[in-house]
Amino acid sequence: MTHMRNLQRSVVLVPVAILALALFVGVSGCAPKEPAVTGETLSIVIDCEANRKDEAEAVASQLRNIGIQAEARTWEWSAMKAEFMEGNRQLYMTDWGSSYFDPFDLAIPKLATGERGNYSFYSNPEVDDLLSQATSATDDETRKALYFEVQDIIYKDCPWVFGYCLEETAAASTKVGGWRVSMDSRINLHDVTVEGTGTIKIGLGIDKIVTMDPGNYRDRDTETVIRNVFDALVTRTWDGEVIPEIAESWETPDPTTYVFKIREGIKFHNGEALDADDVVFTFERILQENGIGGQTSPRLGLLGPLASVVKNDDYTVTFTLENPFPVFPQALCHFQIVPKDYVTEVGDAGFAEKPVGAGPFMFKEGRLDDQVVLTRFEDYYGGAPDLPPVGPARIDTVVFRMMPDPATRVAALKAGEIHIADKLPPDMADSLSGDPNAKVESVPGTRTYGIEFCLTKPPFDDVKVRQALNHAIDWDTIIATIYGGKATRLSTAFIPSGFGYNHDLKPYEYDPAKAVELLREAGFNVSLPTE
Amino acid sequence: MAAPGDKEVLSIKGLQVCYRTDRGPVRAVRGVDLSVREGEIVGLVGESGCGKSATLLSVMRLLPFPGEIVAGSIEVDGTDVLALNGKGLQALRGGTVAMVFQDPMSTLNPAHQIGAQMKEALRVHGLPSTRSVLVDLLKEVGIPSPETVLGYYPHQLSGGMQQRVMIAISLSCRPKLILADEPTTALDVTIEAQILDLLRQINRDRGTAIVLVTHNLAVASQFCHRIAVMYAGQIVEEGSVKDVLSRPLHPYTRGLIGCIPRFRKGVPLTPIRGQVADLSENHEGCAFYPRCDKAVPGCLETLESLLDAGDRMVRCHRYGVPEYGDVAAAQDSGCS
Amino acid sequence: MIRGESTQASVRRRLMRLRLRLWAESAGATLKRLGRNKSAVAGAVVVTAIVLAAVLAPLISPYSPDKMNLNDRFSPPGGEYVLGADHLGRDVLTRILHGARVSILVGLITVAISIFTGGVLGVLAGYYGGTLDTFMSRLTEVLLAFPYLIFAIGAMAMLGPGFWNLVWALCFKGWVEFFRLARAGVLAEKTKEYVEAAKVLGRSDLEIMGFEILPNIVNPLLVVGTLRMGTMMVMEASLSFLGIGIPPRIPTWGSMIQDGYRFILNAWWLSTFPGIILVALVLSVNLVGEGLREVLDPDLQTF
Amino acid sequence: MRGVKILERALAALPIMLGVCIVVFLFMRLLPGDPVDIMLGEASNVTQEEIDALRSQFNLDDPLHVQLASYLMRVLKGDLGYSISRSSNVGKLLLEALPATVELALAAILIALAVAVPLGIITAVKHKSLIDRSSMACSFLGISMPAFWLGIVLILIFSVHLKWLPTSGRATYGLVPSHVTGFYVLDSILTGNLPALKDSLRHLVLPSIALGAAPAAVITRIIRSSMLETLRKDYVTYARAKGVAEWAVIIKHAFRNALIPAVTVTGLEIGGLLGGNMVVETIFGWPGMGRLVVDGIFSRDYSLVQGAVMVYGLTFVTVNLIADILYTWLNPKLVVGEKV
């Protein structure tokens, strides 16, 4: 009997095994196959991160329409980067942001030979030469001409499938006034009002900010918060023009020297007066190796060729560069001034715990991965005079909440828990379209999105294939649908918000016939869609 | 052994039990009549699965799901058991009637101390449960150093000791009737004798009636006043121990007796052929028919009711039929 | 001795034949008894329907699963698209049907691999004990003390995207549970009389493990396996949530739920329908499992 | 005697912790990608010297075994290292995130038990009834609903439409209790801050339901099945035969013994929850371990992930130890550490 039962038990295996086998055979027979490289068929795998999965799928679908075997793959960023830096991938979706509104930190790292961001291994001595000339040229017209020339060359070379520049999109309650989305994805709350309350709550689309110490971060998200507690020597208008903030004015006696005159009467949150010592200290702790709590500041590289910062008198400071660096004032927008005496007194760790700045809001309390609370600084000097309104902030409390999930941010905005939902994915704007209490706003962004070719290997070592792919993708439809129209087509890797963008250069047109023709010339078997 | 009184402690009439399983109804008990008098020890004998335990559990209304009593009546000490519910049932269980189960190892809760389990029974029936009461009870069932044992967990005792504890718990509320369901099956032979002695002693000292369910005729023969033999959910023969064992009337009883090993040389065992009847089937006639040596075609047609054979009963078509007279021959080769 | 051996061999052959016949008979009996369990039958019907739909997807679905019509995005259910269109204008019904293939396959294969690996290692460790057992047990404890998601994310980062890589990532730790179940089962069984008897009969360790012990411990493995199938499918959705999963062209229920949840405010159908079908499948698989359990081994603990 | 056994069992955890430590160390280094490169992000103008300097600053240029040895030494001294991605001490980060995670995990498991225990008992007692069937369906719903989906649906219903509960976060601004232990509920009780208590409890409800749904389902099923088993046991019948009231039979005799497998599973589930659930934490903006760890993996923050996994391993081992001790209480036959 027992034996019988044992057997009976093992019998379960049989139907399960049969079911499994049937399914496996049935499904593996029909499942989409890996693209096989055969004769003249062009097979492509497009790699992307999860946030561009839909776009990649749409692109692949369009390529399949003209007989290219295209597949999209989603990767974790670092794993993907490690792979394509080895030259193992074909086409990969990447993006790169510019903080300086200048090709200096966009075109150069992406296109100059051997640069950190040059994932396509593009190397054109002519372009390298033009770019290095543009970096050190002091005359804007010359730089512009040089950059135009670069754009013409890379337009023809197409090291990428040139993509688009995504708009910065955010949503806010209709009660919020004086608020605009800023181009560089920072939130400036100095001018903002909220109907019926003095407290504004902002849902940030991030996991955490790194620190409250302006010398110890490298990411934009952290700057979003820090920028409201600290002010810099200079700041930007909404159009990206550099104007004085803590500085009253500046002069450039020669291309490697900048002399800043500091506004008098500015106070830090602890009452300490801001003077040249604080400015010098701010930059020295960044320039100095192991200058912040035993670690070197991660911001060091952003200062470019800055050699020294010297105090002339209590309200004048001279910056000396090793070589000309025309975007230096742009760079200075991101270096917030810290109080020397206070930092020396409490130490770097203590400063990060209880930061004191000269910005419109004072740090009150908070946890960097939860919520950060700021209160109005009544003795604020008013901010940049060229950016009205001038004076103390108009609300008294700011709560930044870390809400990494976009759906939660939208829900919280609808529930009235937050007033501003930062970083709204463009395709989610529809979720708020019917809500009378919410408004969605966007401005051109500062990131360029494209699909880079691996230029060192066939088939993309052939410029015809690259041009064909640029013609084969219907970006306008993709932008209109997946990105809700909140993106701008780009003709090259340059962005319109940055310096030296050639508006007359028209992006590659969507022309499948042309693409097919070019691919046939390159020896590939493709065909126009039949429908 | 105490002499049985006249008053009926337990009276079962026409009991039918049915298990409604996924595979259709299983009629475990098919019309059992049984009566137990005060101070009497009755043995309920039969093979496994003949409905003995189901009968006992019915008395306590403890039939496990999906079993239910579909017909019949049960009276304990004059109370209609089937009409009881809630408090009344609780008072009956463990109060008027106590039960001793087959395997003490699995019947005592492994997670509670002996003392706690004893106390629980007393408390439920509103009796004092002081330490001294518990100790006295344990002493009565012959447990050495009862004070210590109270703090033990069941697994720290041997099987015999565990069974003694169970009997102590059964005794604790002074029941009129103890239902013992194969109380010695799980024990060694030497322990078996001790436990049976203990039960007999209780019967003698307290006059408690006992129903002993067993598949072991030898045990029944030593221990009981009266025996009822069950087959396929029915009592096929009933009578005093002496009568039934020395002069079995039903072929099945004779078969059972033939299966008892004996110490005399050269007497072969005579097993009953075939398999135990399937209780999920309906038997029009005698359920023992397929295994019976004496069967005639008529056995299959109708089921005989219990026939009165003097001071005993038997359920067989062929009882009283002339050819049936070879009983004595069969019995000569038996024990007596 | 050769004669003796050949006799033994022929006895074995005959035993094997007998065993096969008993297998076939008991398979019939098992299925018959299963057929009486109404909820198991209902579960089996649903599972079969879903599997059939998956296999026949290309024949019954109106569209191609990766055919997108960007202008029809977010078309609500009921119109041209029976269950609506998703955020890329693909037919949700079609994707559910095609998604069934990969989802079921992910569940089935990961569980099968996990059961096999865990089962074999568990039986070996339990049967032989000693250093092997100690090592394996310590290893599994270390693995258990490791959050599953970290494993899966790391494994996906190491292996890169792709269907099989996802399967490996999910199996990476999935086998541990089955190892423990199998080992515990063997430890309980190996002292029983029938194993002793088999040893006395001179049967090899392999035969004892395979034919004597395994049938007795396979049940809990299968029951937990049916439950884990659902877990694995949900796990795939969680990995999609973190941005690492199956290539986007291949539809899976998990990634459909994940893609759709962000649009739940304006297009609830994207994630709700695949969610419902996932629940239905897991429920039915478990109903069948539960039915099997009751038929085969009513004393078994399941969860 | 028992104390010695417990101590022995606790010591047996040491090799496991060492194993966890080594496995996670090697595991992280097997991942493609370079922490320094990730930290530098889109920085241009970076020279190789700068990268090398950073690498040596974080000891990433030593041979692997040297790194491992020095890491183990530092861990022994209680130093978990420096987090590259968060410019902070790992120990400090973990200490901040742990209370949030533990609070959420405990709330989730409480909710799970509050649902699972009565439901498991009822479904077993009313085996095959309507309530049994329907709660079984619910339990599968719990198992097969991805947490993020459940989370967002809960938010939409209870926060957006009904406006009963907050969408996310641990506390409303202004109602954060002053820091004592880091557990908001405990802190607000300790400081006698009733509004804060109410607020932090309100914030706990939705995430703990989203997190507790799956464990609730699993525990319901295990309790149901082990109850079904114990209800068939002789000692349960015997308890009834003693005249014990039905509810007492179920609770005192059946449930108590049915708890043993439930404790195993609950222990494993708690262990899992204490590791933090990245998905739920992301949806509900909950600043816990899960987000910390996953973010750490993505930024190849070796020290952070190593530290977090060590903490996770430690909690796992502790929970198992507690479960072990519970066993011996539930089943007097067992000696600590003797379970299979």
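Two residues count as being in contact when their C-beta atoms, placed from the backbone, lie within 7 Å. Keep that in mind for the views below, which come from a predicted model.

**View 1. Chains A and B stay out of contact.** No contact joins chain A to chain B. Their closest C-alpha atoms are 14 Å apart. Elsewhere, five pairs of chains do touch, and the pair with the most contacts is A and C.

**View 2. Where chain A meets chain D.** Here 45 residues of chain A and 37 residues of chain D take part in the contact. On the chain A side, the helices α4 (77-85), α5 (107-111) and α12 (406-414) each bring at least two residues. So do the strands β3 (91-97), β16 (371-376) and β17 (397-402). What is this side of chain A made of? It splits into 17 nonpolar, 11 polar and 17 charged residues.

**View 3. Inside the largest nonpolar core.** This core holds 459 residues, and Ile46(A), Val211(B) and Val229(B) have the most contacts inside it. In chain A, domain 1 (43-124 + 153-166 + 446-521) and domain 2 (206-402) each give at least three residues to this core.

View 4. Chain B has a mean pLDDT of 80, with 88% of its residues at 70 or more. Over residues 324-336 of chain B, though, pLDDT stays under 50. For this stretch the model has 12 contacts beyond four places in sequence.

Key
Residues are numbered from 1 along each chain as its sequence is written. Chains are lettered from A and ligands numbered from 1 in the order in which they are written. This is a predicted model: local features need pLDDT of at least 70, side-chain atom pairs count only at pLDDT 80 or more; totals for chains, interfaces and linings use all residues. A nonpolar core is a set of buried Ala, Val, Leu, Ile, Met, Phe, Trp, Tyr and Cys residues joined through C-beta atoms within 7 Å. A residue is buried if 20 or more other C-beta atoms lie within 10 Å of its own, exposed if 12 or fewer, and partly exposed in between; C-beta atoms are placed from the backbone. Domain bounds come from an automatic or database domain assignment. pLDDT is the predictor's confidence in each residue, from 0 to 100. Helices (H or I, at least four residues) and strands (E, at least two) are DSSP runs, numbered from the N terminus. Ala, Val, Leu, Ile, Met, Phe, Trp, Tyr, Cys and Pro count as nonpolar, Asp, Glu, Lys and Arg as charged, and the others, Gly among them, as polar.
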